[in-house]
Amino acid sequence: MLFKQLKAPIEQRRFAVVVVLLFLQIFAGKSYAYKIYVSNEKDNTISVIDGESLAVIETIPVGERPRGIVLGKEDKYLYMCTSDEDHVEVLDLATGKVIDSLPSGPDPELMAMDNTGNLLYIANEDDNMVTVVNIAEKRKLEEIPVGIEPEGIGLSPDGKWLVNTSETTNMAHFINTETLKIEANVLVDTRPRVAQFTADGKEVWVSSEIGGTVSVIDAESKEIKTKINFEVRGLRPESIQPVGVKLSSDGSNKAYIALGPSARVAVVDMESYEVEKYLLVGPRVWNLEFSPDQKFLFTTNGVGGDVSVIDLKKQRVIKSVKVGRLPWGVAVTQ
Amino acid sequence: MASLIKSTRALCGLMLILVLCMVTSLVSAKDMLNVTVTYLTTQEEQQVPLSLLDLVIEDNGRMGARLAIADNKTTGSFLGHEYILEEVVFEQSDDINEQVKALVADGRQLFIADLKKDDLTAVADAAPDALIFNVRAQDDILRNELCRRNTFHITPSRSMRTDGLAQYLSWKRWTNVVLVTGRHAADNDFAASFKRSATRYQLKIVQEKPWTSEPGARRTDSGHHSLQQEVPSFTQFKKHDVVVVADETDEFGEYLPYRMASPRLVAGTQGLVPTHWHRSQEQWGATQIQRRFQKLANRVMSERDYAAWAATRVIGEGVSLTSSNQAAELRSLILSDKFKLAGFKGVPLTFRDWNGQLRQPMLVVGPRMLVTVSPQQGFLHQRSELDTLGYDKPESACDKF
């Protein structure tokens with residue numbers, strides 16, 4: 001095609017060059033700004049926020065009760081736990097259309113993708129299972145029996161360990177991803193939610209919503225190193241319910257913990273485990289995600305119906321972006 | 001004689017498979033810590049609900065304990081703790097004191113009491129060193145003058161319920177109340193409790209009226225004709241915002257909505273009801289337990305099922321954290337600040353250390369939907385806002401807990 005165009009008359013060539021330039025400009029613009037995807041549990045939609053303007057640029061209808069969301073390889077697809085559909089839906093980000101669904105087991109809630117981008121590990125909240133799904137083959141590979149109400153899924157940086165939390169069993173299960181067998185169970189505080197490995201793979205941080213703490217587990221010995229407690233003056237301790245956990249890997253050594261109904265995000269020093277600051281966001285803040293350069297943090301505020309944008313350098317909330325009802329999961333493109 | 005039913009039935013196929021699958025990662029059976037939970041209830045005539053929509057429940061409460069035993073077993077399988085549920089049904093002629101002493105002599109220490117007030121007190125006095133969890137009796141006197149050191153109350157007291165309702169009425173500024181009371185002692189207890197709540201939350205009882213007519217047959221072919229005559233004439237009340245009905249045996253309260261002389265709201269034991277569990281409760285992850293229960297029991301989860309589930313989970317939490325099946329160790333753990341139960345109510349549930357009552361929010365529900373959850377905004381307390389519900393520490397007449 002291009003060869004033919006080069007052979008075409010001058011006018012046509014010029015036109016083609018303009019088209020190519022325009023295309024490049026659009027393309028460059030698109031690749032420069034990242035996008036933030038937010039699942040709205042109540043509205044059955046995904047809000048798309050432009051990373052540059054911080055405005056909602058699109059709202060995409062998807063299946064019933066979208067919760068945990070994960071971006072696929074090269075940010076081509078968004079995988080969404082559409083919990084009440086009992087499957088994972090695949091959103092094509094180029095067209096903004098749901099193009100496929102994957103078997104997930106009943107009531108999928110949170111999931112993680114392995115480093116190759118071929119596997120999804122999915123927590124089935126209603127079924128006491130973690131389901132392993134091969135994305136390309138659209139096939140369940142394995143169902144791993146775990147505790148009651150599996151919730152959080154954290155994958156170690158080397159991909160060798162999967163940590164799953166179970167809300168009513170109050171445990172973090174360490175699953176060997178080669179054998180898909182549980183090798184250790186760590187009892188944590190009540191109603192564990194999110195599990196996250198540090199970038200060096202040495203620690204796993206597990207939030208306990210009702211217990212009100214974050215347990216830091218030594219990934220090697222599988223023992224709890226320390227527990228982080230939270231206290232906000234003037235707030236009842238019951239309202240401080242840690243859920244989302246995000247651990248920085250940019251050398252700043254900061255952890256960010258979403259504290260649910262208290263409408264706060266705690267900033268924790270990852271060396272001393274001291275809470276340095278509480279940032280006011282919106283009520284029922286649940287999940288968190290960094291911008292690709294880790295300069296910003298995005299929080300989903302369920303009851304508030306918005307996303308707070310935190311400038312991490314200034315440690316300040318700089319904007320609130322209105323999205324759909326009950327925003328739940330958040331994912332950011334590279 | 002008491003019939004003893006081992007609860008192997010409680011394990012639905014799924015749980016069995018689950019437990020079997022986990023065997024590989026278990027400690028060997030000989031190191032297992034066995035925890036026996038004994039569920040006590042009595043043989044009694046079932047009450048037929050007034051609405052045809054509500055079914056008579058034969059295994060009320062017990063199914064909740066069975067679900068929680070399955071939950072506990074899953075956690076226990078990772079920790080080397082085995083849970084056994086045994087169910088003891090007293091017959092009317094049984095001497096409860098003797099039966100319970102025999103169970104204690106046989107090593108039982110952990111009881112769930114699905115019993116009325118007097119039977120509960122009899123059990124508590126027959127087993128002073130045991131732990132007893134009350135999942136049924138709402139009487140405030142059991143938390144006050146008749147409290148016992150060995151007895152924890154999972155089910156909320158009447159005062160917690162009526163405070164939960166009164167806070168909402170007060171928040172709505174529906175302050176003028178007519179109180180209609182049925183013919184049973186329990187109805188009078190509910191009415192007395194509501195009056196106490198009305199004083200606390202500045203509601204005015206403008207009129208009181210007893211409902212005295214005999215209930216008669218619950219199922220008739222043309223009952224609505226007579227009700228359409230009777231209810232309007234009965235409800236010629238002074239100016240009011242809401243009618244609070246005290247009808248714990250479900251004899252007439254359901255007849256009032258839509259039929260009264262003035263188009264007012266009905267609340268209390270029917271209509272807008274304060275409760276600690278309801279089939280419409282889906283918040284804070286409750287959908288999961290509702291679905292688990294439905295799968296196991298083939299019906300919706302009742303209040304008593306929820307209380308029995310919570311009681312059994314309290315034991316499970318205590319055993320997980322202490323690795324002990326001894327009543328004394330479990331008692332001190334569940335009264336410590338280490339104990340927090342996740343009960344699908346959005347806040348940690350803990351026990352009041354002055355009378356053993358489980359602190360919990362009250363759901364305020366309509367027949368088909370949750371309306372609100374008390375404590376309401378603005379009702380403050382120096383310790384926990386949950387302590388705005390029921391008898392607070394300074395008011396408590398309990399000195400034996």
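Modeller: In this predicted model, helix α5(B) passes helix α6(B) in a right-handed crossing. Helix α5 of chain B covers residues 158-172 and helix α6 of chain B covers residues 185-200; the two pack at an angle of about 50°, and their axes are 8 Å apart. Angles of 65 to 115 degrees count as roughly perpendicular, and those under 35 or over 145 as roughly parallel or antiparallel; α5(B) and α6(B) are therefore oblique to each other. On the α5(B) side the contact is made by B:R158, B:S159, B:T162, B:D163 and B:A166. On the α6(B) side the residues are B:D189, B:F190, B:S193, B:F194, B:R196, B:S197, B:A198 and B:R200. By class, the contact of α5(B) with α6(B) comprises 4 nonpolar, 4 polar and 5 charged residues.

The axes of α2(B) and α8(B) come within 10 Å and cross at roughly 110°. Helices α2(B) and α8(B) are therefore roughly perpendicular to each other, and their crossing is right-handed. From α2(B), the contact draws on B:M63, B:R66 and B:L67; from α8(B), it draws on B:R292, B:F293, B:L296 and B:A297. The residues of this contact of α2(B) with α8(B) divide into 5 nonpolar, no polar and 2 charged.

For the complex, the predictor gives an ipTM of 0.75 and a pTM of 0.84.

In one open sheet of 4 strands, the order is β4-β5-β6-β7 (chain A), and the pairing is antiparallel. Strands β4 (66-71) and β7 (97-103) of chain A stand at the edges with a single partner strand each, so one side of each is left without a neighbour in the sheet. Neighbouring strands of this sheet are turned by 30° against each other on average, direction ignored. Within the sheet, strand β5 (residues 77-82) of chain A pairs with strand β6 (residues 87-92) of chain A in the antiparallel sense, over 6 bridges. The bridge partner of A:T82 in β6(A) is A:H87.

Another open sheet of 4 strands in chain A has the order β24-β25-β26-β27, again with antiparallel pairing. Its edges are β24 (285-290) and β27 (316-322) of chain A; each has a single partner strand, so one side of each is left without a neighbour in the sheet. The twist averages 25° from one strand to the next. Strand β24(A) is joined by 4 bridges to strand β25 (residues 296-301) of chain A, and the two run antiparallel. Across this pairing, A:E289 has A:F298 in β25(A) as its bridge partner.

A hairpin is also found in chain A. It is formed by β2(A) and β3(A), with 5 residues between them, and A:L54 in the turn has a positive phi of about 55°. Strand β2 (residues 45-50) of chain A and strand β3 (residues 56-61) of chain A run antiparallel and are joined by 5 bridges. Residue A:I46 stands opposite A:I60 in β3(A).

It remains to consider confidence. Chain A has a mean pLDDT of 91, and 90% of its residues reach 70 or more. Chain B has a mean pLDDT of 91, and 91% of its residues reach 70 or more. Over residues 5-27 of chain B the pLDDT is below 50, and this stretch has 29 contacts in the model beyond near neighbours in sequence.

Conventions: Residues are numbered from 1 along each chain as its sequence is written. Chains are lettered from A and ligands numbered from 1 in the order in which they are written. This is a predicted model: local features need pLDDT of at least 70, side-chain atom pairs count only at pLDDT 80 or more; totals for chains, interfaces and linings use all residues. Two strands pair if DSSP finds at least two bridges between them. Axes are lines fitted to C-alpha atoms, for helices over the stretch in contact, and angles run from 0 to 180 degrees between N-to-C directions. A crossing is left-handed if the near helix is turned anticlockwise from the far one by less than a right angle, and right-handed if clockwise. Two residues are in contact if their C-beta atoms, placed from the backbone, lie within 7 Å. Ala, Val, Leu, Ile, Met, Phe, Trp, Tyr, Cys and Pro count as nonpolar, Asp, Glu, Lys and Arg as charged, and the others, Gly among them, as polar. pLDDT is the predictor's confidence in each residue, from 0 to 100.
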